[in-house]
Every structure is written in C-alpha cells, then in structure tokens.
Amino acid sequence: RLRRRHHAHHPSSRLSVAEDGSLHVHEVNQGDTAEDGAYPGWWGQVAKTMDGGETWALVFDDQTSGLYANDIHCSDENTCAFAMEGVGAPRIVSTTDGGATWNTFTDPSGAGMSLMAVRMTGPTEAWVAGGGNTGRVWHTTDLVNWEKYETASTDAISLISLAIGSDGKSAFATGVLRSQLCSVLTIAI
C-alpha cells in the first residue's frame, strides 16, 4: 500500500501553507526540520559582486546566531539592508560602506516575529515588513532608529512582500491572513 506524502509550501520557517490551503504558524528551534523533512538552514550570509556576477565576495557571514537572511535591498553599491529571522528575535542588518561594517537592529517584539521584505527608498531610508501575530512594518530614516507600524486588520498575521509608493508616504503589502483570503493591504504612513 502506498502512503501519500503531504507537502507544504513554506514562505518562511515560521509559516507554512498545506495542500488544503490551511495556514500553520510554527515556533522553530535551531536544528528543527519542517514537517516534510526539509532542513530550514540556520545561517545568514550576504555575498557581493562588483563585476556583473563573474565573482562574488562574502561580506556578511553569521553561522552562530541561529538566524538566516530573508530579503535584501540596496539603494546603491555601498548601502544595503536585509532582514533576518530564525531562533530568537529577528534582526534588521544594514551597511553604508559596502559591507565592511554592519549595524544591527534587534526587533524588540521578540521571538515569534518574522521579517520578510526589505525596501530602501534612499541612502538612509528603509522599510521592513513581517509579522507573527499581526502584520508589522518597521521604518527608518537613518538606518539606526526604527519605528514600528502595525496593520489595522487583526486578520493579517504576517506581511510577505512590500512596495513603497513613489510619494514615499504610502506602502502596499501582500501577506498571510488568518481568514486565508487573498488580500493586498494599504499602509498609510
């Protein structure tokens, strides 16, 4: 007798969507495997190329925190921000010198939060979206101090992707909803 193997889509280690469309929010521990046996990975690395992808240099290497990188966005060849999640509180990491040094902001929301999308709108302005029990957006104008915004809808668990309007005062996000309906959220800034 053959047994059917169930597969799930994992937008992150904390979120999975089963074949039947049901949403599952997971608490993960370092070394855990997903329900389908996949190993989620527990290191964060950033590589940089300056020759169109011919060669790459590792400019950020974290193999000890239990966090991994989700999304990265750069305003130029020297200024980038990326989001990390995994075991413990997620982090936003940024550089203004091409990766020679990195600044870290630890999400004070604590463990259980997920940071998924990053968008830079200038050399010191960035937006990061995620969530865990509600959709959240972090914003900075100096890559050091971050202000938190939450979605008004308690249906939004986590924001997955983020787009900033050309006016710099509006944001649009897609995310995972408790109701499992498809939605695009507008975030008024």
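How many helices and how many strands make up the secondary structure of the protein chain? Colour the chain by secondary structure and you'll find zero helices and 16 strands. Both kinds of element are DSSP runs numbered from the N terminus, with helices (H or I) needing at least four residues and strands (E) at least two.

Before you click further, know that this is a predicted model, in which local features need pLDDT of at least 70, side-chain atom pairs count only at pLDDT 80 or more, and totals for chains, interfaces and linings use all residues. Residues are numbered from 1 along each chain as its sequence is written, and side-chain values use heavy atoms, with hydrogens and water left out.

**The whole chain**

Of the chain's 189 residues, 41% count as buried. Here buried means under 20% relative accessible area, exposed means over 50%, and partly exposed is in between (1.4 Å probe, protein chains only). Take the contacts (heavy atoms within 4.5 Å) between residues at least 6 apart in sequence: 35% of them join residues at least 24 apart.

**The nonpolar core**

Next, select Ala81, Ala83, Ile92, Phe105, Leu115, Val118, Met120, Ala126, Val128, Trp138, Leu143 and Trp146. These 12 residues are the largest nonpolar core. Such a core is a set of buried Ala, Val, Leu, Ile, Met, Phe, Trp, Tyr and Cys residues joined through side-chain atoms within 4.5 Å. Strands S7 (80-86), S10 and S11 (126-131) each give two or more residues to this core, and S10 gives the most, with three. Another core, of nine residues, lies apart from it, and includes Ala129, Val137, Ala171 and Ala173.

Stay on methionine 120 for a moment. Not counting residues up to four places away in sequence, it touches His73, Cys74, Ser75, Thr79, Cys80, Ala81, Glu125, Ala126 and Leu143.

**The disulfide**

Two of those neighbours, Cys74 and Cys80, are the next stop. A disulfide joins cysteine 74 to cysteine 80, with the sulfurs 2.0 Å apart; the cut-off for a disulfide is a pair of cysteine sulfur atoms within 2.5 Å. A search of the whole structure finds one disulfide. Look along the S-S bond: the angle about it is 105°, and the link is right-handed. Is each end buried or partly exposed? Cysteine 74 counts as partly exposed because its relative accessibility is 36%, whereas cysteine 80, at 9%, counts as buried.

**Threonine 95**

Threonine 95 lies in strand S8 (residues 91-95) and counts as buried, at 2% relative accessibility.

**Salt bridges**

Now show the charged side chains. A search of the whole structure finds three salt bridges, each a side-chain nitrogen of Lys or Arg within 4 Å of a carboxyl oxygen of Asp or Glu.

- Arginine 119 pairs with aspartate 71, their closest N and O atoms being 3.1 Å apart. Arginine 119 lies in strand S10 (residues 114-120) and aspartate 71 in strand S6 (residues 67-74), so the pair ties together parts 48 residues apart in sequence.
- Glutamate 150 meets arginine 136 at 3.1 Å, N to O. Glutamate 150 is in strand S13 (residues 147-150) and arginine 136 in strand S12 (residues 135-140), so this pair links parts 14 residues apart in sequence.
- Glutamate 150 also meets lysine 148, at 3.5 Å, N to O.

Within it, arginine 136 is buried at 10%, while glutamate 150 at 43% and lysine 148 at 37% are partly exposed.

**Last stop: aspartate 142**

Finally, select aspartate 142, in the loop between S12 and S13. It counts as partly exposed at 33% relative accessibility. Its side chain makes polar contacts with the side chains of threonine 140 at 3.0 Å and asparagine 145 at 2.8 Å. A polar contact is a pair of N or O atoms within 3.5 Å; within protein, one must be able to donate a hydrogen and the other to accept it, and residues adjacent in sequence count only if both atoms are side-chain atoms.
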